[in-house]
Structure formats: C-alpha cells, structure tokens
Amino acid sequence: VSCVNCWCSCLKMIDYPPFQLGSSRFDQTLFWGRFRHFLDVVDPRTLFTTGKELERCKTLLKHYKEGSIGADVTDKQLWEAQKVVQAIIHPDTGEKIFMPFRMSGFVPFGIPIVVGLLQPTLSLTGVAFWQWINQSHNAGVNYANRNASKPTPTSKLIQGYVGATTTSVGIAVSLNALVRKSTRMLPATQVLIQRFIPFPAVSLASTCNLVLMRYHELSQGIEVLDGQGRMIGVSKIAARKALTETALTRAVMPAPVLILVPMVMAAAHRTQLLRSHPRLDIPFHALAVGLSFFLALPMAISLFPQTGQISKSKLEEHIQQKCHDDVLYYNKGL
C-alpha cells in the first residue's frame with residue numbers, strides 16, 4: 001500500500017498539455033521527461049482496468065482520431081485514456097498483454113520473486129528454483145513487450161526460453177557453488193557474499209534472456225518509420241541498436257534492488273526490532289524490495305526513449321534509397 005501511495009504522490013506532479021495522439025506528455029529527449037512518462041507506463045493502477053473501461057478509452061481515442069470528439073472532453077481525459085490503452089494493448093499487434101507480463105505488472109508480480117531470490121540461506125536447489133521462476137517471468141515480459149512488427153516462429157520462442165532459463169540458472173548456481181566451496185571464507189563472510197550474488201547473476205542472465213528471446217529481431221530486422229509514421233523498410237541495423245539499448249536497461253535495472261536491499265536487510269537484522277520479532281523479516285523484506293523496485297524500474301527504462309531514432313546514413317543501402325528524411329524511427333520495445 002505504501003508503495004502505491006508513493007507512486008500516486010509522484011503522479012500528482014504530472015500536468016496535462018494539449019493532447020497529441022501517440023505522443024508523450026513529456027519531453028522524451030530528457031531523462032526526467034522519460035522518467036515521468038514511464039511512471040505512467042508502469043503505474044500498477046492500470047492493472048485494475050475493467051474490460052468496459054478499456055473499451056471506453058479505445059473508443060474515446062478513436063473518436064479523437066476521426067475528429068468526432070465531443071467539446072466537453074478534456075485533455076486530461078484523453079491523456080488518461082491513452083495511458084490505459086498503452087499500458088494494456090501492444091503497439092504492434094493491437095492485442096491485450098497478459099497481466100503479469102505488462103510493464104505495469106512487472107513490479108507487483110516481481111516482488112515475491114525478488115524476495116525469494118534474496119534469501120541468504122537458500123540451498124542450491126532453492127537458488128535454481130527462484131532463478132528459473134525469475135527468468136521465466138523475465139522471458140514472458142521480454143516477449144510480451146518485444147518489437148512485434150515481424151512474426152516470430154513458435155520454435156524460436158521455445159529455443160529462446162530454454163536457452164534463457166538454462167543460462168540464468170547455470171550462472172546463479174555456479175556462483176553460489178563457488179562461494180560455498182571456498183575454504184578461505186568464514187561462514188559469516190559466505191552468507192554476506194551470497195546476499196549480493198543475485199545481482200551479477202540476474203544482471204547477466206537477464207541480458208542473455210533478452211537477447212535469446214528477441215534474437216529473431218537480429219536475424220530478421222525490425223521496421224523503421226519516417227517522421228510521418230510511414231514504414232520505410234526492415235532493418236537489422238536498427239534491430240541491433242534496439243536490442244543493445246534494451247540489454248543495457250536490463251543490466252542496470254536490478255542494481256538498486258539487488259544491491260541496496262541486501263545492505264538494508266543486513267543492517268535491519270542487527271536491530272532489536274527484527275531480533276525480537278523475526279516474523280517481521282519477510283514483510284520488512286517485501287517492503288524494502290517494493291520501494292526500491294518501484295523506483296528502479298522507471299529509472300532503468302528511462303535511459304533510452306521507447307521510440308528510438310537512427311540516422312538514415314547508418315542504415316542499409318536499400319532503406320537509404322527509399323527515404324529523403326535524415327532521421328528514421330523504430331520501436332525499441334521494453
């Protein structure tokens with residue numbers, strides 16, 4: 001509840017300029033503008049949107065596009081309608097994204113997984129289990145928020161999922177096994193190090209997960225558009241740039257959660273409160289994870305705009321010949 005209240009306080013700062021369909025309310029060339037934009041994208045309140053409300057929002061935007069909007073409709077209503085639609089509907093496929101795999105569901109559904117990952121006394125079986133759950137969730141998020149301008153064969157998705165989860169579990173189990181086999185470390189030191197192992201394991205595994213789940217984009221390319229939104233062609237170079245930016249985001253995203261939370265919990269375990277009431281450990285842990293996660297996610301995905309830009313001169317020759325614009329655009333995915 002406190003996480004959601006914190007979220008709502010941040011969103012109260014948001015203003016409503018004249019509505020522009022498909023655009024952001026905020027300057028996407030600035031980090032702060034992207035951060036405020038992605039606060040909307042990951043707002044968990046959109047998870048409670050009913051089917052009837054979603055259809056109302058889609059109809060409102062359709063009427064605006066057709067120029068038949070009522071005079072009593074405000075900019076705020078239009079921006080809020082677009083926020084709901086963008087949170088639930090995939091921009092390329094036009095289909096609803098499964099709730100746990102939406103960016104707005106990434107934190108609420110991810111908190112129990114991260115709490116499981118950060119338990120310092122997990123067995124190797126426990127480490128493997130929680131890494132598998134975590135990377136399965138990540139694989140679903142990567143697939144659901146991919147650039148879907150080109151279809152993906154089911155066989156490629158299965159190969160990507162198996163490769164992603166196997167890699168992540170292998171990295172995490174190997175790191176934990178190395179620490180436990182070390183004869184030079186005191187038991188207390190081993191426990192302390194094991195608290196921080198999830199970060200390099202998850203960071204590296206999440207990057208591998210992303211590349212494997214979206215590898216078809218590298219092999220087939222993604223659509224690039226001109227300034228008027230017209231599709232110019234399919235580019236492997238743009239796909240490589242899109243995946244590089246998203247991979248960097250995935251590598252940075254776990255840092256606040258998997259580095260700061262273990263430090264906070266290590267300090268908290270020395271307090272009289274948790275020593276006297278050990279049952280408070282999991283609720284306190286979940287609260288710390290939730291607060292850091294709610295800030296880490298929008299900060300990480302704000303590193304790059306969702307609609308990326310690339311100079312025409314850097315693209316394939318066949319694309320350069322089709323367009324006179326100096327800059328073209330692509331959907332980076334999340």
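In which kind of crossing, left-handed or right-handed, does helix 5 pass helix 14? The model examined here is predicted, so that local features need pLDDT of at least 70 and side-chain atom pairs count only at pLDDT 80 or more, whereas totals for chains, interfaces and linings use all residues. Residues are numbered from 1 along each chain as its sequence is written, and side-chain values use heavy atoms, with hydrogens and water left out.

The secondary structure of the protein comprises 15 helices and four strands, where helices (H or I, at least four residues) and strands (E, at least two) are DSSP runs numbered from the N terminus. Of the 334 residues in the protein, 47% are buried, that is, under 20% relative accessible area with a 1.4 Å probe and protein chains only.

Helix 5 passes helix 14 in a right-handed crossing, a term used if the near helix is turned clockwise from the far one by less than a right angle. The two helices pack at an angle of about 140°, and their axes are 9 Å apart; axes are lines fitted to C-alpha atoms, for helices over the stretch in contact, and angles run from 0 to 180 degrees between N-to-C directions. Helix 5 is therefore oblique to helix 14, since angles under 35 degrees count as roughly parallel, over 145 as roughly antiparallel, 65 to 115 as roughly perpendicular and the rest as oblique. In this contact (heavy atoms within 4.5 Å), residues of helix 5 including M103, G110 and V114 meet residues of helix 14, among them V289, F293 and L297. By class, the contact has 12 nonpolar, three polar and no charged residues.

Helix 5 also packs with helix 6 (residues 124–144), at an angle of about 170° and with the axes 9 Å apart; these two helices are therefore roughly antiparallel to each other. The contact of helix 5 with helix 6 has nine nonpolar, six polar and no charged residues.

The largest nonpolar core has 23 residues, such a core being a set of buried Ala, Val, Leu, Ile, Met, Phe, Trp, Tyr and Cys residues joined through side-chain atoms within 4.5 Å. Helix 2 (31–41), helix 5 (103–117), helix 12 (255–268) and helix 14 (281–301) each give two or more residues to this core, and helix 14 gives the most, with eight residues. Apart from this core lies another, of 13 residues, among them F19, L54, A81 and V84.

Methods:
Buried means under 20% relative accessible area, exposed over 50%, partly exposed in between (1.4 Å probe, protein chains only). Ala, Val, Leu, Ile, Met, Phe, Trp, Tyr, Cys and Pro count as nonpolar, Asp, Glu, Lys and Arg as charged, and the others, Gly among them, as polar.
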